[in-house]
Amino acid sequence: MPALPPPFAVDLRSDTVTHPTQAMRQAMAQAPLGDDGLEGDPTVRALEETAAALLGKPAGLFVVSGTMGNLLAVLAHARGPGEVLAGAGSHLLNAERAGAALAGQHYRGLPDPGGRLDPQALAEAIDPRPTGRCPTALIALENTHNAAGGSVLSAADMGAVHALARRHGVPLHTDGARLFNAAVALGVPAATLAAATDTLSICLSKGLSAPVGAVLLGPADFIARARALRRVLGGTLRQAGVIAAAGVVALQQMVERLADDHRRARALHAGLCALDPAWCDTRPPATNLLRVRVGADSAAAQHWEAALAAHGVGVRAAGAGWLRLVTHRHIDEAGVAQALTAFAAVREARMGR
Ligand SMILES: Cc1ncc(COP(=O)(O)O)c(C=O)c1O
């Protein structure tokens, strides 16, 4: 079957557009298989064990997506109606907030400038009393933080929230869809960050390039509950070793190279700042996401998205005048240069109007 042409010559819309590597395809073809809903699939088990060992957690659960991992975390942590406290800009509170209805939880957004939960607001919002009006079921962090332009929380940042959560007997979950980006940017093992949260989810299909999947990690009893709940959601995947095999390769081979994506994001940012300093009221990106303000409103951002697409460059409009650009394995130096040329051309065309 002929491959479809890629939608953009330079696709900066997301790191989810990455395709599996040759090594992943080979591992997928050769993966030993079982039934994940019966005695277990050996390759899924290998992925869960590899992820748990890498992140220093007792147990792991393969899930189809980051969204399912976060929803299962809420479901498995909550022991009755209550409240999930998370950053107002978090993926959980925005892209995944319909999960609140399924989980029977109220999701409350707290101020999170730069992707950091405001400690004062958090301390005031926690209500650990089981008889409280809406007892706090869970606190959620996000590292790296998508909407804050891939910003990074250090182990100390996470540890401060973890300590507060523990003081109140409330569990802490971290949406670590891009936790490995944070670890590589900080130069620390991912386990150092994972130690500062009770549970976490990591994505395999973003910068790590696997085609599908995420892993939820935490204590064995929590993962056992999440495994039962995953079945309820229809997430028991039978011969899932076919896709889990790519996840094992992702964890073993694709983490260190994230530094290349970060370097190219910084190059892109520097090039954009040189083209128009007004675009760059943001600091250089810490990881592989960057936000550029090209106008005053959503219409301007949408215009830029369409105009860049006409030059073969995919970006996403991300609110009032902002564009979001994401570097990944398929963006090389030539891709960065091509994106900058397209930005220059669109800018010139707009100035000439
Ligand atoms: C921070 C964050 N969390 C969770 C998700 C959800 O991941 P998935 O698309 O695998 O459901 C995303 C997806 O972009 C994300 O950026």
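Modeller: Two strands pair if DSSP finds at least two bridges between them; a strand is a DSSP run (E, at least two residues) and a helix another (H or I, at least four), numbered from the N terminus. This is a predicted model, in which local features need pLDDT of at least 70 and side-chain atom pairs pLDDT 80 or more, while totals for chains, interfaces and linings use all residues. Residues are numbered from 1 along each chain, and side-chain values use heavy atoms, without hydrogens or water.

Colleague: How do you know that strand 9 pairs with strand 12?

Modeller: Strand 9 and strand 12 (residues 322-326) are joined by 5 bridges, and at least two are required, so they pair.

Colleague: What makes strand 9 and strand 11 edge strands?

Modeller: The open sheet has the order 9-12-11, with antiparallel pairing. Strand 9 (289-293) and strand 11 (316-317) each pair on one side only. Helix 11 (residues 258-275) lies across strand 9 and strand 12.

Colleague: Which residues surround the ligand?

Modeller: Among them are Ser65, His91, Glu142 and Arg178; the cut-off is a heavy atom within 4 Å. By class, the shell has 1 nonpolar, 5 polar and 5 charged residues.

Conventions
Contact = heavy atoms within 4.5 Å. Axes fitted to C-alpha atoms, helices over the stretch in contact; angles between N-to-C directions. Nonpolar A, V, L, I, M, F, W, Y, C, P; charged D, E, K, R; others polar.
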